[in-house]
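Hi there,

Here is the structure I promised to pass on to you.

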Amino acid sequence: MAFGTSSKIFSAFITDCLNNTSALDLNADTIHAAIYTDGGTPSQTAASASTAYDTGAWVQANEADNGGWSAGGLALASVASGFSSNVYTLDAADPANGSAATIADTRGCLVYDNTIATPVADQGVCYNAFGGQVAVVAGTLTIVWHASGIFALTL
């Protein structure tokens, strides 16, 4: 996977929301974060079906769970989204595996909606690059979201 350093909102997520193709409710749905290695190549412009968990670049074989981070990702707690000063943000508590684990070669995460089924089940919202390889040995891996949240979209 060529995660690189770029984090992106999927264009299909925005399109499906604006066209009312998807009944996404980021404040009520269960949102997950799954961690990945460099096993595939994420694309901001992928079709809805290719942004979903366990499809395209996001297949389970590319996950970096290694027994320390649940396959399929962790459900995010304290999810909140909304507008302030023409900026729409999505934020949540920083997810962490619950026990000492060894997790190797983690490059980024897929944030997806685990509630909806239309237009596809487990549709991707965005992906976040970690800027390089991240690993933990007999410890806790925590994704620390940016101060602006998981993403911020300026209108």
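A word on naming to begin with: helices (H or I, at least four residues) and strands (E, at least two) are DSSP runs, numbered from the N terminus. The model is a predicted one, in which local features need pLDDT of at least 70 and side-chain atom pairs count only at pLDDT 80 or more, while totals for chains, interfaces and linings use all residues. Residues are numbered from 1 along each chain as its sequence is written, and side-chain values use heavy atoms, with hydrogens and water left out.

Let me start with A64, which sits in the loop between α2 (48-51) and β3. With a relative accessibility of 1%, A64 counts as buried (buried means under 20% relative accessible area, exposed over 50%, partly exposed in between, with a 1.4 Å probe and protein chains only). Contact here means heavy atoms within 4.5 Å. Beyond its neighbours within four places in sequence, A64 is in contact with I35, Y36, T37, I103, A104, D105 and T106.

T106, from that list, belongs to strand β6 (residues 101-113) and is buried at a relative accessible area of 0%. Residues up to four places away in sequence aside, T106 touches I35, Y36, A64, F130, G132, Q133 and V134.

Now the sheet. Two strands pair if DSSP finds at least two bridges between them. An open sheet of 5 strands runs in the order β1-β7-β6-β2-β3, with antiparallel pairing. Its edges are β1 (8-9) and β3 (74-75); each has a single partner strand, so one side of each is left without a neighbour in the sheet. β1 pairs with strand β7 (residues 124-139) over 2 bridges in the antiparallel sense, and K8 has Y127 as its bridge partner in β7.

β5 runs antiparallel to strand β4 (residues 80-84), joined by 5 bridges, and V87 is the bridge partner of S84. The hairpin of β4 and β5 has 2 residues between the strands, and S85 takes a positive phi near 50° there. β5 also pairs with strand β8 (residues 151-154), antiparallel and over 4 bridges; in that pairing V87 stands opposite T154.

Y88 turns up again in the lining of the largest pocket, along with F13, I14, C17, L18, L24, D25, L26, F83, L153 and L155. (A pocket is an open set of points on a 1 Å grid over the protein atoms alone, where a 1.4 Å probe fits, with protein on both sides within 12 Å along at least five of seven lines; lining residues have an atom within 4 Å of a point.) The volume is about 220 Å³, meaning the space filled by probe spheres set on the points, which are joined across faces, edges and corners. Helix α1 (residues 11-18) gives the most to this lining, with 4 residues.

Finally, the cysteines: the whole structure has 0 disulfides, a disulfide being a pair of cysteine sulfur atoms within 2.5 Å. For C17, the nearest cysteine sulfur is that of C126, 12 Å away.

Best wishes
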